Amino acid sequence: MADKNESMAWYTFKKGITSENPTYVQALGMCPTLAVTTAAINGLGMGLAVIIVLTLSNIIVSLIRKAVPKDIRIPIFITVIATFVTMIDLLMHAYTYDLWKTLGIFIPLIVVNCIILGRAEAFASKNPVHYALLDGLGMGVGFTLSLFLLGSIREILGNGTWMGIHLWNFKMFMFILPPGAFITLGFLAAFFNYIKIKREEAEKKRQQQAKAQAQKA
Amino acid sequence: MKDILKNGIILMLYAAVAGLVLGGIYVATKDAIAKADLSAKLKAMEEVLTDYETGQLMVDKQTIEEKVREGGQEQVKEMEYNGVKGKLFLPYYEFKSAGKEIYVLVGAAPGFGGDVKVMASFIKENGQLYLHMIRVLDASQETPGLGAKIMEEEPQKRFSNIPQTGLEEGVVVDKDAKDRPVKDKMHGVVKTSDIMTGATITPRAVANAINIMYSYLKGHVLGGEK
């Protein structure tokens with residue numbers, strides 16, 4: 001039983017990073033993904049802010065899930081999310097001024113990031129707190145890694161730097177402009193979906209082999 | 001009807017709790033936010049008040065801090081220069097140092113993604129006025145690697161030491177120089193095309209912000225109408 005719980009907890013966490021990655025698999029939160037990933041550090045900063053908001057809102061939504069009438073659950077979830085986003089905005093303004101300036105309008109826009117409302121509605125409002133926490137963390141980490149990867153590729157190809165460190169003089173400006181964001185995202189999404197399909201095929205094959213062996217036996 | 005009332009009350013309770021929590025956070029961070037804003041402004045002001053030849057501050061830090069604190073809350077004034085709309089952030093700051101009158105102003109003009117906010121120091125010495133130095137305060141909406149390069153030292157240095165003749169003609173970047181001699185600050189031309197390849201709009205916004213600040217300085221401060 002303990003093993004089952006442990007594996008369930010691990011699956012809840014890791015699915016956001018791999019099989020249900022919000023960016024490359026679920027295609028959620030595309031607006032900030034495309035807009036802020038002009039540099040790796042912006043993607044990382046945005047991702048960290050989303051991890052905090054997503055985890056905290058998932059915890060609170062899970063805690064209050066039995067005290068929320070079905071008809072008004074969406075405005076209540078939005079109120080919870082907006083509260084956390086405003087808190088993060090105020091705290092970043094006070095203690096991480098440069099990052100707050102860089103992320104600008106994208107911090108308030110976390111409120112309408114569909115990953116956060118999506119996880120509150122689809123998972124946190126139906127599951128106990130510890131799973132909601134793991135789901136929020138996993139999805140947040142998955143989103144952060146996606147943004148960081150996209151930001152790194154765009155910064156390296158478009159600006160010849162990585163995390164502000166100069167690498168070379170070769171630059172393809174297109175990658176830091178909006179078309180570069182769509183192209184890079186398209187290639188990455190294709191790559192991650194290819195891996196997902198290959199895994200599913202391998203799993204299907206393994207199940208068929210197991211079934212055949214069982215029939216032989 | 002009963003359900004609507006019940007839901008309304010529940011929603012109101014959630015909103016009230018959220019309001020209370022945010023009120024608490026606001027009170028807790030209010031001072032730190034004011035401190036962060038102030039230190040960002042002071043840092044920029046110290047940079048524009050540094051003599052680029054000696055590297056020394058022309059006004060002592062305490063005086064700068066006192067002036068900024070006296071200035072209080074920033075007011076925004078909509079301005080226009082040659083058909084370009086921009087903003088001026090008041091109050092402006094006036095300092096006196098070793099026979100020099102120094103004016104520090106903050107202005108903004110539209111760049112590629114949003115307003116580019118610039119602080120500039122103008123110095124009046126021996127009856128002559130010139131733009132001493134600028135500091136770009138905010139170019140966060142400009143394209144990284146292109147327009148956002150304006151935050152680097154070198155492009156900002158290009159806008160320093162522009163004489164009054166150049167300010168009178170209006171500051172432009174070399175791509176907009178038309179019949180004015182390129183790279184000639186006497187005619188207000190600032191060469192940026194070699195260090196900001198592919199980005200003309202952002203340095204143009206800086207030039208427009210400087211023109212807006214100068215027109216205010218000339219019309220409202222030096223012209224006597226305060």
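Good morning. I begin with a turn: in the hairpin of S1(B) and S2(B), two residues lie between the strands, and Asn82(B) takes a positive phi near 50°. Strands here (E, at least two residues) and helices (H or I, at least four) are DSSP runs, numbered from the N terminus. Two strands pair if DSSP finds at least two bridges between them.

Before going further, some conventions. This is a predicted model, in which local features need pLDDT of at least 70 and side-chain atom pairs count only at pLDDT 80 or more, while totals for chains, interfaces and linings use all residues. Residues are numbered from 1 along each chain as its sequence is written, chains are lettered from A and ligands numbered from 1 in the order in which they are written, and side-chain values use heavy atoms, with hydrogens and water left out.

Let me stay with chain B. Strand S1 (residues 75-81) and strand S2 (residues 84-97) of chain B run antiparallel and are joined by seven bridges. Within this pair, Val76(B) has Phe89(B) as its bridge partner in S2(B), and Tyr81(B) has Val84(B).

S2(B) also pairs with strand S3 (residues 100-110) of chain B, in the antiparallel sense and over eight bridges. Here Tyr93(B) stands opposite Val104(B) in S3(B). The hairpin formed by S2(B) and S3(B) again has two residues between the strands, and Ala98(B) in the turn has a positive phi of about 40°.

S2 of chain B holds a further feature at Pro91(B). The peptide bond that joins Leu90(B) and Pro91(B) is cis, with omega about 10°. As background, most residues other than glycine have a negative phi, and most peptide bonds are trans.

Leu131(B) has Ile162(B) as its bridge partner in S6(B).

I turn to chain A. Its secondary structure comes to eight helices and two strands, and from the N terminus the elements run α-α-α-α-α-α-α-β-β-α. The C-alpha trace of chain A spans about 65 × 50 × 30 Å along its principal axes.

Consider helix H7 (residues 129-159) of chain A. The expected span of a helix is 1.5 Å times one less than its number of residues. With 31 residues, H7 of chain A should therefore span 45 Å, and its end C-alpha atoms are 43 Å apart, which agrees. Gly160(A) follows H7(A) and has a positive phi, near 70°.

Where in chain A does Met163(A) lie? Met163(A) is in the loop between strand S1 (161-162) and strand S2 (165-166) of chain A. Although not a glycine, Met163(A) has a positive phi of about 55°.

In helix H8 (residues 178-216) of chain A, Glu203(A) and Arg206(A) lie three residues apart, about one turn of the helix. Glu203(A) forms a salt bridge with Arg206(A), and their closest N and O atoms are 2.9 Å apart. A salt bridge is a side-chain nitrogen of Lys or Arg within 4 Å of a carboxyl oxygen of Asp or Glu. Over all chains, a search of the whole structure finds 18 salt bridges.

Finally, the interface. In contact, that is with heavy atoms within 4.5 Å, are 25 residues of chain B and 26 residues of chain A. The two chains bury about 2,300 Å² between them, 73% of it on carbon and sulfur atoms; buried area is the accessible area (1.4 Å probe) that two parts lose on being put together, summed over both. Helix H1 (residues 2-48) of chain B supplies the largest share of the side of chain B that touches chain A, 17 residues. How many salt bridges are there between chain B and chain A? The count is zero. Thank you.
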